[in-house]
Amino acid sequence: MEAKKSYHLILFALIFVIQFTFMSVHKIIPADIIYGINDQQDILVSDKAKGINEKTYLTKNIVSRNSTPILTFKIVGKEFPIKFSARHGGLGLSLYKILNYVFNENTFAIWHALFKSLAALLFFFALRNFIGQRKSSIATMMLVIDPMFLTSYFVFITELINLTSMMILFYIFSRKQEINSRGLFLVGALIGFNLYLRLNFLWMIVWVIPIFYTKESLRQTLTKKRVSLFFIGGFLGGALFLYRLDISRLLAEVSLVMQSWDPTHLIFYFVRLLMSPTAYNQYFLEVGSALTVPIETILCMFVLLLVFGKVNFSEMNKKILLGIFLSLLTVYFCTRAGENYFLYLSFLIIPIYFFVFTNKIRIKPLVIILFLRFLVFSSAYYGSGVLAIFDYKTNEQVWNKAAAFSGKKIVNLSDSDHGKGNYLGHNLEIYNLNRYFYEYDNMTINLALALFGQDGVLILPERDIWGAWYQNQGIFDYQKFEEMARRDGIEIIEYDHVKKKEGTGYYIINYKFKK
């Protein structure tokens, strides 16, 4: 027993070191800094946003500083979110914020390493019940160094808790043991709590459901007492989600990511997830070179050709495939995400690995190919790293330059920049104009500045998937902007371009209105 415990601790420590090292190569600014990590919120400027800032319509240029978080608590004068928005809980963010006071910029690497290590260890425990300890250890280490697992929820915070919770449920359901009434209550509470933390947990839990519901378990579970306990647990776990729930606000928040019913986008990104993580994560990473993507794809094709013997459609594997299919359907109907499905699907690498390693495969060629895939990816990642909007050093340069314009209002146009100035230690007056682009059709950057009507310093990434301006206009063209701004009475005093490589980076534009 002691030997087993030692083995598990060594495996956990090894996974943690790998994850922490990978996340530390390039310091990253998490996308979720908008969600309550900062003590000072940016000022959200709006004309008429309903359900996004406040419940009532706002008149022109009335600003909302404290529309989010919805519910907070204070410790030694610091504010921590309990519920941030209609679709995003706050306790996970509060925990991250507490750790951030201790570890500073290393918090993100530690956070990822901790939860990814727990998720991988639970994968090992579940898989061991089917293929034994030796093969499960190999499968787990291959998963841990897979580029898709390494970069899953790459720039997010709360989703890492969701991922680990999903694996807890997967491990429980895969043990072929009846879950007693108390266990069913706790399962309901865990599901409810994770839906409160992040509504995106919905399609994660959908993958796990078929694993639990066999004919036997269905017959055992569907008693009034057990069903009641499950839903009571779910209600208690997710009670904070129901607190001050505003359906119109929830729908408004969800609608911000919806783009298209076109299913080809979903199929396209699922195939990319399987074949080329570099291409799949092109909006997070700077490593999608003309060389890297084909090499990754070819290596994956070799996996299909050389590794598989007879495909094993066992009862468990049928459930795995059904769960993947149901997850894809759920993501499709709930998000209609168009070109942004990469935000939601990376967790599926775990059931894919489970399916692969529970088949009759030639394990040595598979290990060699997956390891080569890791080397190809890691060499590219080590050199280029993450996109400029998530890169710590790039953002540090940008905000230092912006702060040098003393006495100026800082203006940004995207939620991906919301909170960065404060996160990087600058006490600036920052106005976020992103809402204009949701409130008006055919809004342009120069018109948004004109509507705002105040001199300032505009901070703008060249491309940003979370910026409505980017969805409307594509990559920022400075020459075109300058020409249109001049026409609208905006004078560019000076500008700077901070970039990692050609075609990416930030513009810092000091402007004023002509009198």
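Which residue in S10 is the bridge partner of Leu-460? The answer is Tyr-507, and point 2 returns to that pair.

1. Overview. The model discussed here is a predicted one. Its secondary structure comes to 24 helices and 10 strands. The protein has 515 residues, of which 56% count as buried. Contacts between residues at least 6 apart in sequence are joined, in 74% of cases, by residues at least 24 apart.

2. Strand S8. This strand covers residues 456–461, and six of its six residues are buried. In a regular strand, side chains alternate between the two faces of the sheet. Here one side carries Gly-456, Leu-458 and Leu-460, the other carries Val-457, Ile-459 and Pro-461, and both faces are covered. Strand S8 has pairings with S6 and S10. With strand S6 (residues 410–412) it runs parallel, joined by three bridges, and Ile-410 stands opposite Val-457. With strand S10 (residues 506–513) the sense is antiparallel, over six bridges; the pair of Leu-460 and Tyr-507 belongs to this pairing of S8 and S10.

3. Ile-492. This residue lies in strand S9 (residues 490–498). Ile-492 counts as buried because its relative accessible area is 17%, under the 20% cut-off. Setting aside residues up to four places away in sequence, Ile-492 touches Tyr-478, Phe-481 and Glu-482, and also Ile-509, Asn-510 and Tyr-511.

4. Strand S1. Residues 43–46 make up this strand, and both of its faces are covered. Ile-43 and Val-45 are buried on one side, Leu-44 and Ser-46 on the other. S1 pairs with strand S7 (residues 430–432) in the parallel sense over two bridges. Within that pairing, Ile-43 stands opposite Tyr-431.

5. The S3-S4-S5 sheet. Strands of a sheet pair through backbone hydrogen bonds, either parallel or antiparallel. In this open sheet of three strands, in the order S3-S4-S5, the pairing is antiparallel. Strand S3 (71–75) and strand S5 (88–89) are the edge strands, each pairing on one side only. Strand S4 (residues 78–85) is joined to S5 by two bridges, and Ser-85 has His-88 as its bridge partner there.

6. Ile-157. Is this residue buried or exposed? Ile-157 is buried, because its relative accessible area is 0%. Its place is in a loop, between helix H5 (147–150) and helix H6 (158–173). Beyond its neighbours within four places in sequence, Ile-157 is in contact with Pro-30, Asp-32, Ile-37, Leu-93, Tyr-96, Phe-108 and Trp-111.

7. Asn-100. Helix H2 (residues 91–103) contains this residue. Asn-100 is a polar residue by name, yet it counts as buried because its relative accessible area is 15%, under the 20% cut-off. Apart from neighbours within four places in sequence, Asn-100 is in contact with Ile-37, Thr-107 and Tyr-423. Ile-37 is also among the contacts of Ile-157.

8. Helices H4 and H13. Helix H4 (residues 133–144) has 12 residues and reaches 16 Å from first to last C-alpha, close to the 16 Å expected. Its buried residues are Ser-136, Ser-137, Ala-139, Thr-140, Met-141, Met-142, Leu-143 and Val-144. Helix H13 (residues 263–275) has 13 residues and reaches 19 Å, close to the 18 Å expected. Buried in H13 are Leu-266, Tyr-269, Phe-270, Leu-273 and Met-275. An α-helix has 3.6 residues a turn, so residues three or four places apart point the same way.

9. Cavity. The structure holds one cavity of 30 Å³ or more, and the volume of the largest cavity is about 30 Å³. Its lining is made up of Met-148, Thr-151, Ser-152, Tyr-153, Phe-156, Tyr-280, Asn-281, Phe-284, Phe-342, Leu-343 and Ser-346. Seven of these lining residues are nonpolar, four are polar and none is charged.

Note on methods:
Residues are numbered from 1 along each chain as its sequence is written. This is a predicted model: local features need pLDDT of at least 70, side-chain atom pairs count only at pLDDT 80 or more; totals for chains, interfaces and linings use all residues. Side-chain values use heavy atoms; hydrogens and water are left out. Helices (H or I, at least four residues) and strands (E, at least two) are DSSP runs, numbered from the N terminus. Buried means under 20% relative accessible area, exposed over 50%, partly exposed in between (1.4 Å probe, protein chains only). Contact means heavy atoms within 4.5 Å. On a 1 Å grid over the protein atoms alone, a cavity is a set of points where a 1.4 Å probe fits but cannot get out, and a pocket is an open set with protein on both sides within 12 Å along at least five of seven lines; lining residues have an atom within 4 Å of a point. Grid points are joined across faces, edges and corners, and a volume is the space filled by probe spheres set on the points. The expected span of a helix is 1.5 Å times one less than its number of residues. Two strands pair if DSSP finds at least two bridges between them.
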